[in-house]
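Work through the exercises below with the structure open beside the text. Try each task before reading its solution.

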Amino acid sequence: MMISKVLIDTALWYQKLRLSTNDAFFPLYKNQSRYLVLKGGAGSGKSIFAGRKILERIVSEEEHRALVLRKVARTIRESCFAQLVGQISEHYNISEFKINKTDMTITHLNGSQIIFAGLDDVEKLKSIYNITMMWIEEASEINQADFHQLDLRLRGATKYYKQIIFTFNPVDINHWLKKRFFDVPYNNVTTHHSVYKDNRFLDDEAKKVLESYKDSDEYYYTVYCLGEWGTFGKSIFNASAISERLRQIAPPMKTGLFQKNLEFALEENGYIKIYCESADKIPYVIGADTAGDGSDYSTAQVIDNITGEQVAVMRANIDEDVFAKQVYSLAVYYNNALVGIEANFSSYPIKELERMGYANQYVRITEDSFTHKPKRSFGFKTTKITRPIIIAQLVKLMRDNIFLINDRLTLEEMLSFVRNEKGRAEAQRGSHDDLVMALAIAYYIREQQCFEIEEIKSNIYVPFFSDEQEENSSKDLSII
Ligand SMILES: Nc1ncnc2c1ncn2[C@@H]1O[C@H](COP(=O)(O)OP(=O)(O)O)[C@@H](O)[C@H]1O
Ligand SMILES: [Mg+2]
């Protein structure tokens, strides 16, 4: 049987590409997201892959205008330009290319072209239009306004898909790249994580240097060896344990939100993430923090009260009434979990849960403002006294039990939870603390939920106390 030459050529091309590409990156050749965001440690093979993908497209698709960009023009000649010229001579037929070293342009026979520029090449950038592909090298160096300007240049009808590839080290946990591409799922975005271990072409010497950061510099180790977001303040949590955990965790089992009928509807961009399904007879606890006071997000953390494992997380920029309904649904979904909602900023969600007939809320003792007698109220109050207690308790629990946490954003918040100059533990500037606070509340209030499977059969709905009942029943809370 005759096998056509085209078929043989294709097979050879594929084999060559496969053998000269790291496995972690290979599937990305066919990725067509508008934004292909390659974050990772040093030496993981990001730049080599980005260059190769551009070349693969240039030789097989005509009419491309690819822009390769860095913040500073002066650095691009020795980095990206030299790399691409090297890759052409190594993997392609160099006679099919015209390489202009003065202008730094590379043109293929088919008319497709690669242009190199720095953000500081203002004049040159002005003359570059109709871009179909872009590679932003060391993207952490450019700011979001620059990105928007560049993004606008990738418009209009083109024959093939348009793509911007970003390559960078995760130098700052508050970076706009993280907020824009990692924290909220967006259409048209593919994020990718890689470390030196993903690069089989890296020499041992380079690997040793990266490993050695472990003992010398925690920040360098995190960013360049582990490829995780770096923080500048010192976290009050065990940062290296968290970084380690960040490498192990799996994505959520399900993402979505609750419908009116209390059913969980799967939605790719839903703000509730489920890591472990609700299981029969397991007692659960929910800690929740309503938006306000400097945060736009309302959060809830669900833990399994037997194992302490974090089983679900909600983080959403939504109105209080929607938040209350979602917390209610989440609580019902998790076996009528004990719910402790922060009562500082607003007591609306707490009242709303009551109104909906949800009685299994955390109860605290307060003082009646009239009679000065102790009374019971729902919800958790964060005060100068309770705040340090619940945080210290969380820090202590996390010291040896970080494996209980499954959610990436929660772990990242812990990393940026630092002690400020006044000694107060809080999110470093630009970061959030609402997931950490909801988690701290959940672990703190768990005493009011049972710890065993059988016990849950007892009525866990606590009726809300009327005024007279409150007076009589404020002594013993542990029975609940
Ligand atoms: N596919 C590859 N083939 C050959 N060498 C590679 C390949 N990918 C990476 N390398 C080698 O590893 C080094 C680091 O890769 P690079 O892409 O520059 O890492 P990063 O951009 O992630 O820091 C390169 O200088 C090169 O020597
Ligand atoms: Mg690189």
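The exercises that follow concern a predicted model.

**Exercise 1. Overall layout**

Find how many helices and strands the chain has, and what share of its residues is buried.

Solution. Begin with the secondary structure: the chain contains 15 helices and 19 strands. Next take the extent: a box of roughly 90 × 60 × 40 Å along the principal axes holds the C-alpha atoms. Then turn to burial: of the 480 residues, 38% are buried. Last, take the contacts between residues at least 6 apart in sequence; 70% of these join residues at least 24 apart.

**Exercise 2. A sheet and its edges**

Give the strand order of the open sheet of seven strands, and explain why one side of β10 and of β15 has no neighbour in the sheet.

Solution. Write down the order, which is β10-β9-β11-β14-β13-β12-β15, with mixed pairing. Look at the ends: β10 (264-266) and β15 (338-341) each have a single partner strand, so one side of each is left without a neighbour in the sheet. From one strand to the next, the twist averages 25°. Now examine one pair: β12 (residues 284-289) runs parallel to β15, and four bridges link them. One position to check is Gly 287, whose bridge partner in β15 is Gly 340.

**Exercise 3. A covered helix**

List which residues of α13 are buried, and what they pack against.

Solution. Helix α13 spans residues 408-415, and six of its eight residues are buried. These are Thr 410, Leu 411, Glu 412, Glu 413, Met 414 and Leu 415. They pack against α9 (239-248), β14 (310-316), β18 (417-419), β19 (425-427) and α14.

**Exercise 4. The ligand shell**

Describe which residues surround ligand 1 and what classes they belong to.

Solution. Around ligand 1 there are 15 residues, the closest being Gly 45, Lys 46, Ser 47, Ile 48 and Phe 201. By class, four are nonpolar, 10 polar and one charged. Helix α2 (residues 46-60) contributes the largest share of this shell, three residues.

Terms used: Residues numbered from 1 in each chain as written. Chains lettered and ligands numbered in written order. Predicted model: local features only at pLDDT ≥ 70, side-chain atom pairs only at ≥ 80, totals over all residues. Pairing = 2+ DSSP bridges. Helix = DSSP H or I, 4+ residues; strand = E, 2+ residues; numbered from the N terminus. Axes fitted to C-alpha atoms, helices over the stretch in contact; angles between N-to-C directions. Near = placed C-beta within 6 Å. Nonpolar A, V, L, I, M, F, W, Y, C, P; charged D, E, K, R; others polar. Buried ≥ 20, exposed ≤ 12 C-beta atoms within 10 Å, placed from the backbone. Contact = placed C-beta atoms within 7 Å.
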